[in-house]
Every structure is written in C-alpha cells, then in structure tokens.
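Subject: Handover of a structure and notes on it

Dear colleague,

Please find the structure below, together with its sequence. I would be grateful if you would read the notes with the structure open beside them.

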Amino acid sequence: MTLSERDTLSLRVTILAPTGKDAALTAAALSEAAIESLICPDIACVERAIEEGAGILLVAEEAIATGELRALAAVLSRQQPWSDLPVLLLTRYGADSSTVIKALQTLGNVTLLERPARPATLVSAVRTALKARERQYQVRAHLAEQERTNAALEESESRLRAIVHQAMAGIAQCDLEGRFLLVNRRFCEIVGYSREELLKLRHQDLTHPLDQERNASEFFRHLAEQSGYVIEKRYVRKDGSEVWVRNSVAVLCDAEGKSQSMVAVVIDVTESKRAEERVRFQAHLLDAVGQAAIATDPDGKIIYWNHYAETLYGWTGAEALGRSIVEVVADRTMKEQAVEIMSLLRAGQSWSGEFLVRHRSGRTFPAFVTDTPIFDSEGCLQAIIGVSTDITERKRVEEALRDADRRKDEFLATLAHELRNPLAPIRNSLHILRLSSGIDPATERVCEMMERQVGHLVRLVDDLMEVSRITRGQVELRTEPVELAAVLRSAVEASRPLIEASGHQLAISLPAEPLIINGDPVRLSQVFANLLNNAAKYMDEGGQIWLGAKQQDDTVLVSVRDTGIGIPAEMLPHIFKMFIQVDRSTRQAQGGLGIGLTLVRTLVEMHGGQVEARSLGVDQGSEFVVRLPLSKEASVSGRNTLDARAPVLPNHRVLVVDDNRDAAESLGLLLKLLGAEVRVVNDGPSALEILPSYRATVVLLDIGMPGMDGYEVARRIREQPESRDLMLIALTGWGQEEDRRRTSQAGFDHHLIKPADMTALKSLFMSLHSR
Ligand code: ADP
C-alpha cells in the first residue's frame, strides 16, 4: 500500500463492520464528536479507504473471521515504514476470544474496546488513537522533509562534482601529507597521469626536482598558517616532459577549524611562460646588440630604452622613460628635422639616415638612425621604434678613405707627370735619329722598336692620367660632328703597330654611306683604339680581329670582335670596373693597368651611348659592341690632317725653355732638323733676358721650373711689348683641365703635354704660318 501525499493528514475513521446497524450507530456517535468516518462493508473497501487516507481503523470483531483477518493483515503490511495505522478492535467477548487473540498477533497496533461501549468511551478511545496517528503523520512529514533536504543536497553535490570534473582548470585535493584525494579530468590531462595512478601519488612526486624544496616549504608553511597561496612551479609529466603550472591553493578546515585538506586550482601556464621567456630573450637580445633601441608612444614619449641606449646617450632607462625623445636625444639644431621625421612616421613611412644626437654630457655625435612606425590592427599609430648607431668612427674612416683616395689621385697625377719628363727627350731623340739621313737598317729597326716601346710607355702614362680624371669626374669632351669612319681609321692607325706586331689579321667592314656622330674625335678614337688594342693583347699570335659598323635606326653599332682568350661568364658583369683584370697570369707582355675598359665605358656613356661585352667563355673569343647615337647633322666640316713627316718649319725662330736639359736640348735639335731656328735656355730669367734681342716667333715653355715657374715667365713675356704677338706654347707634364685653364690665364696660346706629339706641334706651327 502506498500513501498518497494528498491524504497523509486524513483523520477520517474507517469503520469495518458487517452489519450496517452497528456501523451507523458508531458513525453517528463519532459524528456527534465531530469525527469524520467512513463505513466499509468489506476488506476491499477498507483497502481503498486506507489508500485515500485513514486516521484509524475501527473493526468489529465479527467482521474479521479467519479469512478476513488474513486479508486485513496483508493490507496493513503494505504500509509505508513510518505508518502504523492504529486499529481499534471492538470485541464482544473481551480479550479472550480466539479471534481477538489472533488479531492481536497479526495486526500489530491494535487497541481493544469491549462492547457495548458507551459513546463517550468510544470517542475517547478514537481520539487517543487519532492522536497517535497524528504523531505518525509528524514523523512522516519530518521524514519527507529530510528526504527533500537529502535530495537537494545530493543534487548540489552531484552538480559540484560535475563542475569539478568538467572544470577547465585542474583541481586537486590532497590530504595533510600531500597525498592526492581527488583530481579532476583537467588535472589528469595536465600531468598526463590517470586518476587511479594519481590517487597513489603525492603532489611532491609530480613536482620538478628543481622546484621540490620550494614546493614543500610553501605547502607546510601555509598549512600551518591555514592561509591560501599561489605558487608557480613545474610538474614532470608522466612522459617526462615539463609543464609550467600556476596553483592557487586553499586550506580546507572542518567544523572545529582543524585543517583537513588542501585544494589547488591548477592552470597550465607553459605557453605564457614560454612567451615570457621569449620576451625576456628578446629584451636580452635588444640589450646585447651594439645599437640603441628606443621605443616611443605616438607623442614621442619614451616607453622603451635598451641597455645600449644607456651607454650611448648616458641616461639610465629609469631616467629616460616617460620623457620626450627629442628632448633627450636630438641635438638642438635637429629639432626641426625631428618634427618633419615625426610627421613622416605618422603618415606610415619609415625613415633612416644620419642624425646629430646628444649625449647627456652635452657632447654631440653623428648617429645612423632607423625609425619605424608600428600600427595597431585598427591602423592607429601605436609606437615608434628607433634604432641608432654611433657612426663617429665610420665617418672618420670614410674621411680617411676619401683623404687616402685624394692622395692616391694626386700621387698618380704626379707620377704620370714625372714619368712624362724623361719620355720627352727619348721620344725627341728618336725623331732626331729618324730624321738624320743615312741610318743603317739595323739602327732603323732599333728605332722602330724603341718608338713602339716609348709609344706603349706613353699610353701607360696617359692611362694613369685618366685614372684620376675618371675618379674626379673631370673627363671633358670637345664635341663636334665627326664621321665615324674617320674616328675608326684613326683608332686603327693607333693600334696597327700592336696588331701587326702580334701577327693578327684585321678585317674592317664599314657601311658605304657616312655616319655622323656628335662627339669628341680624339676621345672616340681612344675608345676604339682601346678595344682594338685589347683584342690584339688578349689573343695568341696570328689571331683574327673584325671591326664592323652598321646603322640601326638612329644609332650606330660598332663591333670589335676577336678570336682570343675570351672572357669567363662570371667576369662579364665586372669587366668595365676600374682595375679589373681577368687573370693576371695570362696577361701579355703589353698588359695594362686595368683601366682601359673603364675609360671606354665612361667615354661612351658621356657620348650618350652604351658598351657591352660578349663572350661564350674561355678561348671562345670576345666581342665588344658600342652603341652611339647618330648626329642629326648631315656632314662634317673638312679638317686639315697633318703628316708627321711633312715638310720642315722654315722661317720660325723658336725659343725652348725647360729646366730638364735633355728634354730641352732634344726638342731644340728636333725643331732644328725640321728647319726652324732654335735657341735653348734652362730657366725663366734667361728666357726673359734673351727674348728682346732674339725676337722669337714661338716660345715652348716648360711650367714646373725652379725659381721662376712657367706661369710667371709667361706673364712677364706678355708684358714685353715686342713679345705680344709671339706664340706661347706650354709644354708640360700636367694635363688636367685645371692646368689648361691656368696656362691660358697666364697668357699661353696653347697647352701641349709632354712628350710633345710632333703632328700636333707641327700643326700649331702651320697655323701660325697662316696667321
Ligand atoms: P687592361 O687591358 O689594362 O688590363 P682593360 O680595362 O682594358 O685593362 O681590360 C680589363 C680586363 O678585361 C683585361 O685585363 C682582360 O682580362 C679583359 N679583357 C679586355 N678585353 C679583352 C678581350 N678582347 N679578350 C679577352 N679579355 C679581355
């Protein structure tokens, strides 16, 4: 039998009586006393009544013959544990009847009431039984309450268990010796052990050996103080790997306040530890580099200042942080530029360059600075990172290098000049030998050989002069419309001795129509002579050279091709650089200084053209192709070309002034052989002295002389009225533009470089003739 909630408090009296008359009387008596009742004719009715809720059961003895008693006992036995329905048994024969005895044995909570009972007795007995029933109801209510409490408790406990189990953080509970009592799923994941394994371990067993001492002392100290704490430490996972955790540990106490266990919330912080490590590493790195690394906010306030910045600027990080970068670092004179740079950076551009900065002591120095703006994901300027290096030393070295380079150029110029001086008399003497009649064939050959070698020496010296001109950007062009064929002819003439001496064949193919170029004929012929000389030099004897030109649109292509030693592919991009030579060991006897091609390129580019080197490799020959723009002009003005062996120079009174006696004398002899009247002196004062009486038409005057130099002599000559019209020619080793300017200022008409080129000299004499 189950007791439904609804009727648990029912105090209705269920009456089981076979005869309606007795039952009705009893009910009436109860009703009189305001006690509700229900009359049941049989056990089935009683069972239903009890189900609906019964206060007590009133049974007449005759209603429970043997069969009914068993059925009734069965009904009553199905009560809830708290319920013991009071049964009032109305007996006719007292307690001695066998029915009553059986009823007392089987029904339990039975009270006997003998009949006929007076109504008051009946009511009193019923009330007593109902009281007892009410107490049972109280017990039942209490039990129900307890049951509800238990259910609620159980529910919250299981919720807690679920929370603990599913928590994203690891949770572990340990007893006072550190043995695990409880671990959740996440904790198992963090340490890589199963729950069962962990429940056999202590937290110290998992702790990294290096952290064990600290771990144990913290644990026992806080346990004694009953205080919570946070500890960062490493666990060694089951697989041996390390995991960094941050544990928030609390002490759990019982009702009396005695420590019972420790609970830790465990968070895996390995990633953030690694990030921290990385940040620390980067900070160390920034400190280790020999550059100041500084970060500022968008307003220029310093937010990061590395170790090297302290050394470079003299401010410690603590002093610099929060201050304006311009105030701390920039020199006063740089403030305007700093503002400009700042606006560039705000616009998202980086800036790098030289910047004058200041040490705390006030000392300024040049720094190379790179500033980079950093923007956040919304595109707002977040910070500016500036890296600066002290370049005082670099600037010093650069200046020293420039200085050394200047000195080298000066040295080369001086060397070239000094080399020219001895060359002049040698070349003159050779000319004299050739001009004097009756030399035997052997001497003739020796002369030729010496001329070739002197020519080569002159070329080398010229190259030396060119080096300093190219490096100073002082190469000048005297452009005029020139015919390419004439330029190439002159180049071939210059190179022919070398080509022939090496037994090479030269094939020339030029277009029939004239090709006009706006250029410097001397320089252009130098370009092609250089290329032809190289072809001859870098080829075994008996090779083939092709010189070709053709028009292509409004340009002309000139090619110099040979069957020589070729150029390795890796050298092709470098071949035009100054002093580059492919392989010194294979250089020919007539090797140069490695500046010929540099000069070629410089000159070609100055003419608005390009030059290119081609070769299929070693021993595959080489080809140099020069492209030059054609001139719009249709023709060239005819010029007088002079032959070195042209007629003599009659009617000339020449004064040669040179402190180099050999040079002066040999030139004098040469001019005499050419038919001129010649006087030679070796210093300026002698020249000035002799001139008024000698009445020279031409004075060839050296510049660098002790005592009075050529400039001074020239000025004084021009001061003499009788010497105003004579032709004053400077003959000097100095051939720079600057030197030419100075000679012209001093009153010279012409400037020739030693050793004097006979053709040039003669043409000057001729021009005087026609004057
Ligand atoms: P130099 O001839 O005085 O050494 P250049 O500037 O004229 O200097 O040439 C540079 C180098 O280029 C030469 O040393 C040589 O190695 C290489 N070179 C120039 N022309 C040729 C060529 N026609 N064939 C092979 N190698 C060449």
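The model is predicted: local features need pLDDT of at least 70 and side-chain atom pairs count only at pLDDT 80 or more, while totals for chains, interfaces and linings use all residues. Residues are numbered from 1 along each chain as its sequence is written, and side-chain values use heavy atoms, with hydrogens and water left out.

The ligand is surrounded by 20 residues, the closest being Asn 534, Tyr 538, Gln 581, Gly 594 and Leu 597 (a residue is near if one of its heavy atoms lies within 4 Å). By class, this shell has eleven nonpolar, seven polar and two charged residues. Here Ala, Val, Leu, Ile, Met, Phe, Trp, Tyr, Cys and Pro count as nonpolar, Asp, Glu, Lys and Arg as charged, and the others, Gly among them, as polar.

Lys 537 has a side-chain N or O atom 3.0 Å from an oxygen atom of the ligand. Asp 562 places a polar side-chain atom 2.9 Å from a ligand nitrogen atom, and for Ser 622 the distance from a side-chain N or O atom to a ligand nitrogen atom is 3.1 Å. The protein buries 97% of the 530 Å² that the ligand exposes when taken alone (accessible areas come from the Shrake-Rupley method with a 1.4 Å probe).

Helix α18 gives the most to the shell, with three residues (helices are DSSP runs of H or I with at least four residues, and strands are runs of E with at least two, numbered from the N terminus). Helix α18 (residues 521–537) also packs against helix α19 (residues 596–606), at an angle of about 145° and with the axes 9 Å apart. Axes are lines fitted to C-alpha atoms, for helices over the stretch in contact, and angles run from 0 to 180 degrees between N-to-C directions.

In the backbone, the peptide bond from Arg 115 to Pro 116 is cis, with omega near -5°. Pro 116 sits in the loop between β5 (110–114) and α5 (119–166). Ala 34 has a positive phi of about 65° although it is not a glycine.

Yours sincerely

Notes
A polar contact is a pair of N or O atoms within 3.5 Å; within protein, one must be able to donate a hydrogen and the other to accept it, and residues adjacent in sequence count only if both atoms are side-chain atoms.
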